[in-house]
Amino acid sequence: MTSAPQNLTIYPDYCHALSPTIGKWVPLRATDIHGLQKMLIAHLGKTERPLFHYQNHPIKWVRVTGVIVAVDEYPGKNVYTVDDSSGMCVECVCVAPVPAPKMGTIGRKGNGGDKTAPSVQEPIVPWDLMDVGTVIKVKGRIGDFWKQRQVEVVKVEVLWSTDQEVKCWNEVMDFRRDVLGKHWVVSRAEEEKCRRARERELRGKGKRDKGKDREEKRKEERDEVRRKKEIERREEEAKRRKERNEAMNAQNKVNYPSLAARRAAAGKYDALGI
């Protein structure tokens, strides 16, 4: 973890809506990726968390173009070393397919009929073409492993012509000149506006949570009332059942022995002539 460069302001997360880099695929060279600094940024109502920065530009998603110079396969992941001729290479880490799917099965439709969106856990990769010498354009999330910067792959495209490579290099240089070459500056008025908006959002969330808690409490109270009524109903039924049984037992005692038993006994003595 490093501190902010001198004369640069690292803005809190509620200003990121104004950032020209945080939500974009930032085209970078491998040397730029290794030069990113991990810094702590402030959160309203939360502890600070680390985020990679180029100068004071927050960066999460990057794009790098180069040729595969090494392939390493490990349990659960493949690591492709990419050389973009910037003087350094960068490792691009993919979650390995099990089993390795064909191109036709990548981005397959799910139960709802929609294609699966690419992610670090389910990247879109032309696996059959991923070999040494292939020129690729990689989109992914910045990560690190043993203090070495890596790209956690989300999507890979194969570049088939020099024109495509040149276009990607030009995009890197243009973005560096127009965006990264300038410090990100947020005025006090804009920062205050963003802070108030985040506070309103948090208050609204708090109110929603309180409303949810009240609703859950009311539901528990209703359930408790229903449970008590059910217990009372069962006790009342048991009481009535007991009273009926007692009444039947009393009636049986009055009629004991039964009329049928007395008639049978009388008939037996009649047969004896008594």
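Of the 274 residues of the protein chain, 30% count as buried.

Let me turn to the overall layout. The chain has four helices and nine strands. Read from the N terminus, the order of elements is β-α-β-β-β-β-β-β-β-β-α-α-α. As for contacts between residues at least 6 apart in sequence, 64% of them join residues at least 24 apart.

I begin the details with the strands. Strand S6, residues 77-83, pairs with strand S7, residues 89-95, in the antiparallel sense, and seven bridges join the two. Asp83, for example, has Cys89 in S7 as its bridge partner. Together S6 and S7 make a hairpin, with five residues between the strands. Within that turn, Ser85 has a positive phi of about 65°.

Strand S7 has a further pairing, with strand S9, residues 148-158. Here the strands run parallel, and three bridges join them. Glu91 takes part in this pairing, and its bridge partner in S9 is Gln150.

Next, helix H2, which covers residues 162-180. How far apart are the end C-alpha atoms of H2, and what span should its 19 residues have? At 1.5 Å a residue the helix should span 27 Å, and the end C-alpha atoms are 25 Å apart, which agrees.

Which residues of H2 are buried? They are Glu165, Cys168, Val172, Phe175, Val179 and Leu180. Viewed down the axis of H2, these buried residues fall within an arc of 100°, so they line one face of the helix. The face of H2 turned away from the buried side carries the exposed residues Thr162, Asp163, Lys167 and Arg177.

Is His16 buried or exposed? Its relative accessible area is 10%, and buried means under 20%, so His16 counts as buried. Setting aside neighbours within four places in sequence, His16 is in contact with Tyr11, Ile22, Ile41, Leu51, Pro58 and Trp184.

My last topic is the aromatic rings. The count comes to three aromatic pairs. In one of them, the rings of Trp25 and Trp61 have centres 5.5 Å apart and planes at 65°; an angle over 60 degrees counts as edge-to-face, so this pair is edge-to-face.

Phe145 and Trp146 form another edge-to-face aromatic pair, at 6.3 Å centre to centre and with 90° between the planes. In this pair, Phe145 is partly exposed at 46% relative accessibility, whereas Trp146 is exposed, with a relative accessible area of 75%.

To close, I would recall two points from this predicted model. The buried residues of H2 line one face of the helix, and S7 pairs with S6 in the antiparallel sense but runs parallel to S9.

Methods: Residues are numbered from 1 along each chain as its sequence is written. This is a predicted model: local features need pLDDT of at least 70, side-chain atom pairs count only at pLDDT 80 or more; totals for chains, interfaces and linings use all residues. Side-chain values use heavy atoms; hydrogens and water are left out. The expected span of a helix is 1.5 Å times one less than its number of residues. Buried means under 20% relative accessible area, exposed over 50%, partly exposed in between (1.4 Å probe, protein chains only). The arc is that of the directions from the helix axis to the C-beta atoms. Contact means heavy atoms within 4.5 Å. Two strands pair if DSSP finds at least two bridges between them. Rings of Phe, Tyr and Trp (its six-membered ring) pair if their centres lie within 6.5 Å; planes under 30 degrees apart count as stacked, over 60 as edge-to-face and the rest as tilted.
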